[in-house]
Amino acid sequence: PGVAERLAYLELWRAGLDDDMRPSAATVAQVVADTDGFSYAYLKELLVATTVRWAERQVPGAMDQMMPAELAELRAQMSSVGLASE
């Protein structure tokens, strides 16, 4: 998906979250910029992994730190199997 589709996908997910879980618009924008080349499946993996990590700790506002961390981890996994473009 392109930029607009990734943004719409992430915004739809974001809108369904409770306020304590919801990442900032700036974090979503950064994730959109950093996920060029991701499929919807990889975007979903990012969202599921981040949501699970947040649920383990349930710290309001923590999504803004967790999403970039999960993205870096997923990108590293993709690189290790030759799926990520550098």
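**Salt bridges in a predicted model**

R6 has a relative accessibility of 1% and therefore counts as buried, the cut-off being under 20%. The model is predicted. Across the whole structure, 5 salt bridges are found. Side chains of opposite charge can pair when their charged atoms come close.

**D36 and R6**

- R6 pairs with D36 through a salt bridge between their side chains, with 3.8 Å from N to O.
- R6 belongs to helix α1 (residues 3-15) and D36 to the loop between α2 (25-34) and α3 (40-57), so this pair ties together parts that lie 30 residues apart in sequence.

**D19 and R22**

- A salt bridge joins D19 and R22, and their closest N and O atoms are 2.7 Å apart.
- D19 has a relative accessible area of 61% and is exposed.
- R22 counts as partly exposed at 26% relative accessibility.

- R53 and E73 form a salt bridge in which the closest N and O atoms are 3.8 Å apart.
- This pair links distant parts of the chain, 20 residues apart: R53 sits in helix α3 and E73 in helix α4 (residues 63-80).
- Both partners are partly exposed: R53 has a relative accessible area of 23%, and E73 has a relative accessibility of 39%.
- R53, E70 and E73 make up one network, joined by salt bridges that share partners.

Conventions:
Residues are numbered from 1 along each chain as its sequence is written. This is a predicted model: local features need pLDDT of at least 70, side-chain atom pairs count only at pLDDT 80 or more; totals for chains, interfaces and linings use all residues. Side-chain values use heavy atoms; hydrogens and water are left out. A salt bridge is a side-chain nitrogen of Lys or Arg within 4 Å of a carboxyl oxygen of Asp or Glu. Helices (H or I, at least four residues) and strands (E, at least two) are DSSP runs, numbered from the N terminus. Buried means under 20% relative accessible area, exposed over 50%, partly exposed in between (1.4 Å probe, protein chains only).
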